[in-house]
Amino acid sequence: MSPSPEGGSTSEARARLLSTATRIFYAEGIHSVGIDRITVEAKVTRATLYRHFTGKEDLVLAYLDQADQGIRGQVAAAQASSESAVGKVQAVAESITQGILSPGFRGCAFLNAAAEYPDPAQPIHQFILAHRQWFLNTITDLLAQTSDAPAAPAARHLVMLRDGAMAAGCLFDPELVSETFLQGVAGLLLARTGTATATATATAADTSPSITNTTVQAT
């Protein structure tokens, strides 16, 4: 590996640029952040940035690709944690709430980016749609294993529940939002299997009228 002008290998400089961009893009938005800010905080020159990325759009795509790979790994790990079809769906749902409850949570990186790049023909928007199609396909396949009933409507329902939870999770009490989301997923599984899940039973026992009212206002 050849050394970069800032010291260290070129791959280290690229990783530093991507790490810096990821942190700022997610916390503050994409359009509000310029190339100069990223190079300064990453401690690299503009020439180094353009050696690794053709421009800001390419850097945004790399940021979203990294997020995509992280979510794919999260979903794969959640599925591997359970042997039953219902358990796999529950585990994926619970992994989503872990993100909502994590420090610095600011919603879904893809929904946030879609709001900034609404043009369907734009490469960033197309990447977002591809990621969402993968997620919908994955959820559809998982739900298909829980019942012989058509899985597509339930999968679309779960994805919409997830989108709502991700949007509300950074605006309202994330614990109440997470609880409401898990209840919704448990309801979908109950409708498909006819059996109350452990998650449904636990959340129902913990839900009081005051919590329910607060959740309705939050969502």
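Visitor: Among contacts in the chain between residues at least 6 apart in sequence, what percentage join residues at least 24 apart?
Guide: This is a predicted model, in which local features need pLDDT of at least 70 and side-chain atom pairs count only at pLDDT 80 or more, while totals for chains, interfaces and linings use all residues. Residues are numbered from 1 along each chain as its sequence is written, and side-chain values use heavy atoms, with hydrogens and water left out. Taking contact to mean heavy atoms within 4.5 Å, and counting pairs at least 6 apart in sequence, the share that joins residues at least 24 apart is 65%.

Visitor: How many helices are there in the chain?
Guide: Helices (H or I, at least four residues) and strands (E, at least two) are DSSP runs, numbered from the N terminus. The chain has zero strands, and its count of helices is 11.

Visitor: Which residues of α8 are buried?
Guide: Helix α8 covers residues 152-168, and its 17 residues reach 24 Å from first C-alpha to last, close to the 24 Å expected at 1.5 Å a residue, where the expected span is 1.5 Å times one less than the number of residues. With buried meaning under 20% relative accessible area, exposed over 50% and partly exposed in between (1.4 Å probe, protein chains only), the buried residues of α8 are A154, A155, L158, V159, R162, D163, A165, M166 and A168.

Visitor: How far apart do the end C-alpha atoms of residues 34-53 lie?
Guide: An unreviewed UniProt entry annotates residues 34-53 as "DNA-binding region", although such annotations may be inferred rather than shown by experiment. In the model this span is 75% helix and 0% strand, and the distance between its end C-alpha atoms is 14 Å.
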